[in-house]
Amino acid sequence: MIKLSILIPHYNTPHLLKILLDSIPFSDAIQVIVCDDRSTKDLDVLDEVKRSYPQVTFIVNTSEVKGAGASRNQALDLATGEFVLFADADDYFVSEVWDLLSPYLTQDQDLVIFKFASIYLNTNTDAHRSDRYSALIDRYLANPNQTNEDALRFMNPTPVTKLIKRAILEEHQIRFDMIRHSEDVLFASKVGYYAETIIADPRVLYVATRSEGSQTMTVSETIFDIRVDVLIRNVKFLREHLPKARFKTLRFESISILISAYKNHLSFAKIVATARLMKKNGLRLLPKSIFHPGVFFSHLKYYRLKHKAAPKDTV
(Lines give C-alpha, C1' and ligand atoms only; values in the text may rest on other atoms or scores of the structure.)
Protein backbone atom coordinates (compact mmCIF):
# COMPACT_ATOMS: atom_id res chain seq x y z
CA MET A 1 0.00 0.00 0.00
CA ILE A 2 1.33 3.42 -0.96
CA LYS A 3 1.49 5.60 2.15
CA LEU A 4 3.41 8.56 0.71
CA SER A 5 3.63 10.21 -2.70
CA ILE A 6 6.63 12.51 -3.21
CA LEU A 7 5.95 14.91 -6.08
CA ILE A 8 8.76 16.78 -7.83
CA PRO A 9 8.63 19.41 -10.59
CA HIS A 10 11.83 19.53 -12.64
CA TYR A 11 13.35 21.91 -15.18
CA ASN A 12 16.92 21.85 -16.53
CA THR A 13 18.68 20.63 -13.35
CA PRO A 14 19.14 16.84 -13.78
CA HIS A 15 22.45 16.81 -11.85
CA LEU A 16 20.67 18.27 -8.81
CA LEU A 17 17.63 16.08 -9.36
CA LYS A 18 19.89 13.05 -8.93
CA ILE A 19 21.03 14.38 -5.54
CA LEU A 20 17.41 14.77 -4.48
CA LEU A 21 16.47 11.26 -5.63
CA ASP A 22 19.50 9.84 -3.80
CA SER A 23 18.13 11.38 -0.58
CA ILE A 24 14.77 9.59 -0.84
CA PRO A 25 14.42 6.29 1.09
CA PHE A 26 12.70 4.24 -1.60
CA SER A 27 10.34 1.48 -0.48
CA ASP A 28 7.07 -0.14 -1.49
CA ALA A 29 5.29 2.44 0.70
CA ILE A 30 6.66 5.42 -1.25
CA GLN A 31 5.63 6.61 -4.69
CA VAL A 32 7.89 9.15 -6.40
CA ILE A 33 6.70 11.15 -9.41
CA VAL A 34 8.90 13.61 -11.31
CA CYS A 35 7.15 15.93 -13.75
CA ASP A 36 9.58 17.50 -16.20
CA ASP A 37 8.55 20.99 -17.33
CA ARG A 38 9.77 20.41 -20.89
CA SER A 39 13.47 20.80 -20.12
CA THR A 40 15.76 22.20 -22.81
CA LYS A 41 19.24 21.56 -21.32
CA ASP A 42 21.28 18.49 -20.37
CA LEU A 43 18.69 16.14 -21.82
CA ASP A 44 21.26 13.34 -22.04
CA VAL A 45 21.89 13.65 -18.30
CA LEU A 46 18.13 13.61 -17.65
CA ASP A 47 17.82 10.42 -19.71
CA GLU A 48 20.57 8.83 -17.62
CA VAL A 49 18.77 9.81 -14.41
CA LYS A 50 15.60 8.19 -15.74
CA ARG A 51 17.48 4.95 -16.47
CA SER A 52 19.11 5.00 -13.02
CA TYR A 53 15.80 5.25 -11.14
CA PRO A 54 13.31 2.76 -12.64
CA GLN A 55 11.25 2.98 -9.44
CA VAL A 56 10.46 6.64 -10.20
CA THR A 57 7.57 7.63 -12.44
CA PHE A 58 8.78 10.28 -14.91
CA ILE A 59 6.16 12.31 -16.76
CA VAL A 60 6.17 15.51 -18.83
CA ASN A 61 4.10 18.63 -18.28
CA THR A 62 1.70 18.48 -21.22
CA SER A 63 -0.45 21.43 -20.15
CA GLU A 64 -0.45 24.73 -22.02
CA VAL A 65 1.16 26.44 -19.01
CA LYS A 66 4.78 25.95 -18.01
CA GLY A 67 5.93 26.27 -14.42
CA ALA A 68 6.15 24.44 -11.10
CA GLY A 69 2.43 24.82 -10.39
CA ALA A 70 1.31 23.09 -13.57
CA SER A 71 3.95 20.37 -13.13
CA ARG A 72 2.95 19.73 -9.51
CA ASN A 73 -0.72 19.51 -10.51
CA GLN A 74 0.01 16.93 -13.17
CA ALA A 75 2.01 14.83 -10.71
CA LEU A 76 -0.70 15.23 -8.07
CA ASP A 77 -3.31 13.87 -10.47
CA LEU A 78 -1.32 10.61 -10.58
CA ALA A 79 -0.60 10.39 -6.84
CA THR A 80 -2.05 7.43 -4.95
CA GLY A 81 -0.42 7.82 -1.52
CA GLU A 82 -2.41 8.52 1.61
CA PHE A 83 -0.12 11.52 2.15
CA VAL A 84 1.72 13.77 -0.28
CA LEU A 85 4.99 15.63 0.09
CA PHE A 86 6.37 18.11 -2.42
CA ALA A 87 10.04 18.71 -3.17
CA ASP A 88 11.90 20.94 -5.60
CA ALA A 89 14.39 19.31 -7.94
CA ASP A 90 17.37 21.40 -6.77
CA ASP A 91 16.90 20.59 -3.06
CA TYR A 92 17.25 17.39 -1.02
CA PHE A 93 16.02 15.62 2.12
CA VAL A 94 18.07 15.12 5.27
CA SER A 95 19.50 11.66 5.89
CA GLU A 96 17.02 10.85 8.67
CA VAL A 97 13.99 11.74 6.54
CA TRP A 98 12.32 8.34 6.95
CA ASP A 99 12.69 8.40 10.74
CA LEU A 100 11.03 11.83 10.75
CA LEU A 101 8.18 10.94 8.43
CA SER A 102 7.29 7.34 9.24
CA PRO A 103 5.53 7.92 12.61
CA TYR A 104 3.12 10.36 10.96
CA LEU A 105 2.28 7.96 8.14
CA THR A 106 0.43 5.73 10.61
CA GLN A 107 -1.45 8.59 12.28
CA ASP A 108 -4.54 10.50 11.20
CA GLN A 109 -3.42 14.14 11.23
CA ASP A 110 -4.24 16.29 8.20
CA LEU A 111 -1.09 18.41 8.04
CA VAL A 112 2.42 18.23 9.49
CA ILE A 113 4.77 21.17 8.98
CA PHE A 114 8.50 20.61 9.44
CA LYS A 115 11.38 23.06 9.42
CA PHE A 116 13.84 23.24 6.56
CA ALA A 117 17.39 24.48 6.24
CA SER A 118 18.67 26.70 3.43
CA ILE A 119 22.23 26.79 2.12
CA TYR A 120 24.30 28.17 -0.71
CA LEU A 121 25.36 25.24 -2.88
CA ASN A 122 28.99 26.21 -3.43
CA THR A 123 29.82 27.18 0.18
CA ASN A 124 27.28 25.29 2.35
CA THR A 125 26.74 28.53 4.28
CA ASP A 126 23.36 29.58 5.63
CA ALA A 127 21.24 31.35 3.00
CA HIS A 128 18.66 32.46 5.64
CA ARG A 129 15.82 31.51 3.30
CA SER A 130 14.15 29.45 6.03
CA ASP A 131 14.43 31.86 8.98
CA ARG A 132 11.00 33.36 8.59
CA TYR A 133 9.23 30.01 8.39
CA SER A 134 11.19 28.49 11.26
CA ALA A 135 10.10 31.43 13.40
CA LEU A 136 6.44 30.61 12.70
CA ILE A 137 6.95 27.08 14.05
CA ASP A 138 8.92 28.30 17.07
CA ARG A 139 6.28 30.87 18.02
CA TYR A 140 3.48 28.33 17.70
CA LEU A 141 5.25 25.69 19.78
CA ALA A 142 6.16 28.26 22.46
CA ASN A 143 2.58 29.57 22.60
CA PRO A 144 0.03 27.52 20.62
CA ASN A 145 -2.73 30.14 20.67
CA GLN A 146 -5.09 30.84 17.77
CA THR A 147 -3.06 33.77 16.43
CA ASN A 148 0.16 31.76 16.22
CA GLU A 149 -1.67 28.77 14.77
CA ASP A 150 -3.24 30.91 12.04
CA ALA A 151 0.12 32.44 11.19
CA LEU A 152 1.51 28.91 10.80
CA ARG A 153 -1.46 27.82 8.70
CA PHE A 154 -1.70 30.83 6.38
CA MET A 155 1.59 32.77 6.36
CA ASN A 156 3.83 29.95 5.13
CA PRO A 157 3.24 29.56 1.37
CA THR A 158 6.06 27.13 0.61
CA PRO A 159 4.65 23.66 -0.21
CA VAL A 160 7.84 21.78 0.69
CA THR A 161 8.21 20.29 4.19
CA LYS A 162 4.44 19.96 4.50
CA LEU A 163 3.12 16.42 4.86
CA ILE A 164 -0.47 16.70 3.60
CA LYS A 165 -3.27 14.17 3.73
CA ARG A 166 -4.20 13.69 0.08
CA ALA A 167 -7.90 13.27 0.86
CA ILE A 168 -8.07 16.97 1.78
CA LEU A 169 -6.71 17.97 -1.63
CA GLU A 170 -9.16 15.72 -3.45
CA GLU A 171 -12.22 16.50 -1.33
CA HIS A 172 -11.80 20.24 -1.74
CA GLN A 173 -10.26 20.11 -5.23
CA ILE A 174 -7.14 21.98 -4.12
CA ARG A 175 -4.55 22.53 -6.83
CA PHE A 176 -1.79 25.02 -7.56
CA ASP A 177 -2.56 28.12 -9.61
CA MET A 178 -1.65 27.63 -13.26
CA ILE A 179 0.67 30.62 -13.32
CA ARG A 180 4.45 31.01 -13.49
CA HIS A 181 4.95 32.82 -10.16
CA SER A 182 3.34 32.75 -6.68
CA GLU A 183 1.48 29.60 -7.73
CA ASP A 184 1.73 28.14 -4.23
CA VAL A 185 0.15 30.96 -2.17
CA LEU A 186 -3.54 30.06 -2.50
CA PHE A 187 -2.71 26.35 -2.41
CA ALA A 188 -1.09 26.83 0.99
CA SER A 189 -3.95 28.93 2.34
CA LYS A 190 -6.56 26.38 1.26
CA VAL A 191 -4.59 23.51 2.78
CA GLY A 192 -4.19 25.53 5.98
CA TYR A 193 -7.91 26.28 6.08
CA TYR A 194 -9.26 22.80 5.37
CA ALA A 195 -6.76 20.89 7.54
CA GLU A 196 -8.59 20.12 10.79
CA THR A 197 -5.64 18.64 12.66
CA ILE A 198 -2.24 20.27 12.33
CA ILE A 199 1.14 19.39 13.85
CA ALA A 200 4.26 21.56 13.93
CA ASP A 201 7.50 19.56 14.08
CA PRO A 202 10.61 21.61 14.97
CA ARG A 203 13.02 19.21 13.29
CA VAL A 204 14.61 19.89 9.90
CA LEU A 205 13.29 17.61 7.15
CA TYR A 206 14.67 19.22 4.04
CA VAL A 207 17.48 21.40 2.67
CA ALA A 208 16.71 24.15 0.17
CA THR A 209 19.68 25.21 -1.95
CA ARG A 210 20.60 28.43 -3.72
CA SER A 211 23.58 29.49 -5.82
CA GLU A 212 25.78 32.08 -4.14
CA GLY A 213 27.07 35.02 -6.14
CA SER A 214 24.30 35.00 -8.72
CA GLN A 215 22.68 38.22 -9.81
CA THR A 216 20.01 39.95 -7.75
CA MET A 217 16.48 38.92 -8.63
CA THR A 218 14.76 41.26 -11.07
CA VAL A 219 10.99 41.50 -10.84
CA SER A 220 9.35 42.52 -14.10
CA GLU A 221 6.06 44.38 -14.22
CA THR A 222 4.36 41.17 -15.36
CA ILE A 223 5.65 39.24 -12.34
CA PHE A 224 4.73 42.15 -10.09
CA ASP A 225 1.16 42.17 -11.41
CA ILE A 226 0.87 38.42 -10.82
CA ARG A 227 2.06 38.80 -7.22
CA VAL A 228 -0.44 41.58 -6.56
CA ASP A 229 -3.30 39.59 -8.10
CA VAL A 230 -2.41 36.51 -6.03
CA LEU A 231 -2.17 38.60 -2.86
CA ILE A 232 -5.63 40.09 -3.43
CA ARG A 233 -7.20 36.70 -4.22
CA ASN A 234 -5.57 35.17 -1.16
CA VAL A 235 -6.84 37.98 1.08
CA LYS A 236 -10.32 37.56 -0.41
CA PHE A 237 -10.33 33.80 0.26
CA LEU A 238 -9.20 34.18 3.87
CA ARG A 239 -11.54 37.11 4.57
CA GLU A 240 -14.50 35.10 3.25
CA HIS A 241 -13.64 31.93 5.20
CA LEU A 242 -12.19 33.08 8.52
CA PRO A 243 -14.00 34.79 11.40
CA LYS A 244 -13.30 38.52 11.32
CA ALA A 245 -11.30 38.49 14.56
CA ARG A 246 -8.95 35.78 13.24
CA PHE A 247 -8.57 37.40 9.84
CA LYS A 248 -7.51 40.68 11.42
CA THR A 249 -4.49 39.02 13.09
CA LEU A 250 -2.94 38.00 9.74
CA ARG A 251 -0.13 40.13 8.34
CA PHE A 252 0.08 40.18 4.56
CA GLU A 253 3.06 41.24 2.47
CA SER A 254 1.49 44.33 0.90
CA ILE A 255 4.25 46.74 1.89
CA SER A 256 7.06 44.40 0.81
CA ILE A 257 5.44 44.02 -2.61
CA LEU A 258 5.37 47.79 -3.02
CA ILE A 259 8.99 48.02 -1.89
CA SER A 260 9.94 45.42 -4.52
CA ALA A 261 8.27 47.61 -7.16
CA TYR A 262 10.39 50.56 -6.09
CA LYS A 263 13.60 48.50 -6.03
CA ASN A 264 12.89 47.16 -9.50
CA HIS A 265 12.30 50.64 -10.91
CA LEU A 266 8.62 50.32 -11.69
CA SER A 267 7.00 53.69 -12.26
CA PHE A 268 5.75 55.86 -9.42
CA ALA A 269 2.31 55.86 -11.07
CA LYS A 270 2.34 52.03 -11.00
CA ILE A 271 3.22 51.95 -7.30
CA VAL A 272 0.50 54.50 -6.41
CA ALA A 273 -2.11 52.67 -8.47
CA THR A 274 -1.18 49.38 -6.78
CA ALA A 275 -1.37 50.95 -3.32
CA ARG A 276 -4.85 52.23 -4.14
CA LEU A 277 -5.87 48.81 -5.42
CA MET A 278 -4.63 47.21 -2.20
CA LYS A 279 -6.51 49.73 -0.10
CA LYS A 280 -9.66 49.16 -2.16
CA ASN A 281 -9.36 45.45 -1.34
CA GLY A 282 -8.96 46.09 2.37
CA LEU A 283 -5.19 45.64 2.67
CA ARG A 284 -3.29 47.68 5.24
CA LEU A 285 0.16 48.75 4.08
CA LEU A 286 1.37 48.72 7.69
CA PRO A 287 -0.44 46.48 10.19
CA LYS A 288 -1.08 48.05 13.58
CA SER A 289 1.01 45.34 15.26
CA ILE A 290 4.18 46.66 13.58
CA PHE A 291 4.27 49.46 16.11
CA HIS A 292 4.52 47.01 19.02
CA PRO A 293 8.24 47.07 20.02
CA GLY A 294 8.61 43.29 20.08
CA VAL A 295 7.04 42.85 16.67
CA PHE A 296 8.94 45.80 15.18
CA PHE A 297 12.38 44.55 16.25
CA SER A 298 11.52 41.01 15.20
CA HIS A 299 10.72 42.28 11.68
CA LEU A 300 13.83 44.48 11.69
CA LYS A 301 16.06 41.51 12.54
CA TYR A 302 14.43 39.40 9.82
CA TYR A 303 14.84 42.02 7.09
CA ARG A 304 18.46 42.69 8.07
CA LEU A 305 19.24 38.99 7.70
CA LYS A 306 17.24 38.80 4.50
CA HIS A 307 19.07 41.66 2.83
CA LYS A 308 22.47 40.63 4.20
CA ALA A 309 22.33 37.13 2.75
CA ALA A 310 19.22 37.03 0.62
CA PRO A 311 18.72 34.28 -1.96
CA LYS A 312 19.82 35.72 -5.29
CA ASP A 313 18.52 34.59 -8.62
CA THR A 314 17.67 36.11 -11.93
CA VAL A 315 14.09 35.83 -13.14
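This is a predicted model: local features need pLDDT of at least 70, side-chain atom pairs count only at pLDDT 80 or more; totals for chains, interfaces and linings use all residues.
Over which ring does the charged end of Arg-72 sit? It sits over the ring of Phe-176, 5.0 Å from the ring centre.

**Aromatic rings**

The model holds 10 aromatic pairs. One of them joins Phe-86 and Phe-176 in an edge-to-face arrangement. Phe-86 belongs to strand β4 (residues 83-86). Phe-176 lies in the loop between α7 (166-171) and α8 (185-194). The pair therefore ties together parts that are 90 residues apart in sequence. Both Phe-86 and Phe-176 are buried.

Another edge-to-face pair is formed by Tyr-193 and Tyr-194. Tyr-193 has 30% relative accessibility, so it counts as partly exposed. Tyr-194 has a relative accessible area of 24% and is partly exposed too. The cut-off behind this reasoning is that buried means under 20%.

| Aromatic pair | Centre to centre | Angle between planes |
|---|---|---|
| Phe-86 and Phe-176 | 5.2 Å | 90° |
| Tyr-193 and Tyr-194 | 4.9 Å | 80° |

Phe-86 and Phe-176 also belong to a cluster with Phe-187, linked by ring pairs. As noted, Phe-176 carries the charged end of Arg-72 over its ring. Lys-190 makes a contact of this kind with Phe-237: its charged end sits over that ring, 6.0 Å from the centre.

**The nonpolar core**

The largest nonpolar core has 85 residues. Which of its members touch the most others? They are Ile-8, Leu-21 and Phe-93. Helix α9 (residues 221-241) supplies the largest share of this core, with 8 residues.

Setting aside neighbours within four places in sequence, Leu-21 is in contact with Ile-8, Phe-26, Val-32, Val-34, Val-49, Tyr-53, Val-56 and Phe-58.

**Helix α1**

Leu-21 is one of the buried residues of helix α1 (residues 14-22). An α-helix has 3.6 residues a turn, so residues three or four places apart point the same way.

What covers this buried side? The cover includes strands β1 (4-10), β2 (30-36), β3 (57-60) and β5 (92-93). Helix α2 (43-52) is also part of it.

How values were computed. Residues are numbered from 1 along each chain as its sequence is written. Side-chain values use heavy atoms; hydrogens and water are left out. Buried means under 20% relative accessible area, exposed over 50%, partly exposed in between (1.4 Å probe, protein chains only). Helices (H or I, at least four residues) and strands (E, at least two) are DSSP runs, numbered from the N terminus. Contact means heavy atoms within 4.5 Å. Rings of Phe, Tyr and Trp (its six-membered ring) pair if their centres lie within 6.5 Å; planes under 30 degrees apart count as stacked, over 60 as edge-to-face and the rest as tilted. A charge sits over a ring if NZ of Lys or CZ of Arg is within 6 Å of the ring centre and within 35 degrees of the ring normal. A nonpolar core is a set of buried Ala, Val, Leu, Ile, Met, Phe, Trp, Tyr and Cys residues joined through side-chain atoms within 4.5 Å.
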